[in-house]
Amino acid sequence: MVLVETPAAAQCGVQSEVGEVVETCDYSSEGIEEEKSKDPTAKWSVRQICKDDRRNPEGLCFNPDDCTTEAGEPGTRYTLFRDGQNVGTACLSAGEADIVDDPPPIRALVIKAFERLGWPASDLVVQPPGGKTLVNLESNFYTTNSTATSISVNLVESNVVVSARPIAYRWNFGDGTSMVTETPGAPYPSLDVSHVYDQTDKVAVSVDTQYGDASFAVNGGPPEAIPSTIWVAGTTQDLEVVEAVPQLVLE
């Protein structure tokens, strides 16, 4: 078993003939809830650990292995299962054991999962086109990503649709300057988002997008607003800033 993080541990008291030995359990009740929030689609369950092999028809021990919970209350040692796989032991009170298989609230899961969803990056359009622009003249920037995106995800056996829209854009001009706007810019002749380069150079430009005004709906129900926002970095593209070269035209 490999644990990415060390969960909060409880002290599991194990009696032996030569005295009391204290064994540290892998999980406390709080630690289990943290793991459930990380893996919300998993099914969690526990099984009592017995001092001997005697159990009643419901699987409860006649002689359970006692311990002291993290809160200092009398508890019982359990084996913890995720999707039927043994992932460690826990020291739990009777009430804590009863809620192990309860799913976390969907709202809390959506807020936690919001940043892991695949919000799309914005495509940047630069004018003039062709990867070149002129020094000391306005270059126009815009993106067509301006509408809400909806992403479906399965949480605790429910179909959840999470929606968010672009609420801000950060324009990176590649010369050490940037600006943030609430609008996506527009094609020329609009110069809603423009920039003047004061020297010839080769720069990498991009636009980052902040998603917000977010909500989620469960199984086709009404949307519920959530306060989540996230910045999504845009892909850079090369832009060469060149100087206009006068040409003599013979008529």
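This is a predicted model: local features need pLDDT of at least 70, side-chain atom pairs count only at pLDDT 80 or more; totals for chains, interfaces and linings use all residues.
Here, a residue is buried if its relative accessible area is under 20%, exposed if over 50%, and partly exposed in between (1.4 Å probe, protein chains only). Residues are numbered from 1 along each chain as its sequence is written, and side-chain values use heavy atoms, leaving out hydrogens and water.

**Disulfides**

- The structure holds 2 disulfides, each being a pair of cysteine sulfur atoms within 2.5 Å.
- Cys50 and Cys61 form a disulfide with sulfur atoms 1.8 Å apart; the torsion about the S-S bond is about -85 degrees, so this disulfide is left-handed.
- Cys61 is buried, at 11% relative accessible area.
- Cys67 and Cys91 form a disulfide, with 2.0 Å between their sulfur atoms; here the S-S torsion is about 100 degrees, so the disulfide is right-handed.

**Aromatic rings**

- Searching the whole structure gives 4 aromatic pairs, where rings of Phe, Tyr and Trp (its six-membered ring) pair if their centres lie within 6.5 Å, and planes under 30 degrees apart count as stacked, over 60 as edge-to-face and the rest as tilted.
- Phe114, Trp119 and Tyr211 are linked into a cluster by ring pairs.
- The charged end of Arg170 sits over the ring of Trp231, 4.2 Å from its centre (CZ of Arg or NZ of Lys within 6 Å of the ring centre and within 35 degrees of the ring normal).
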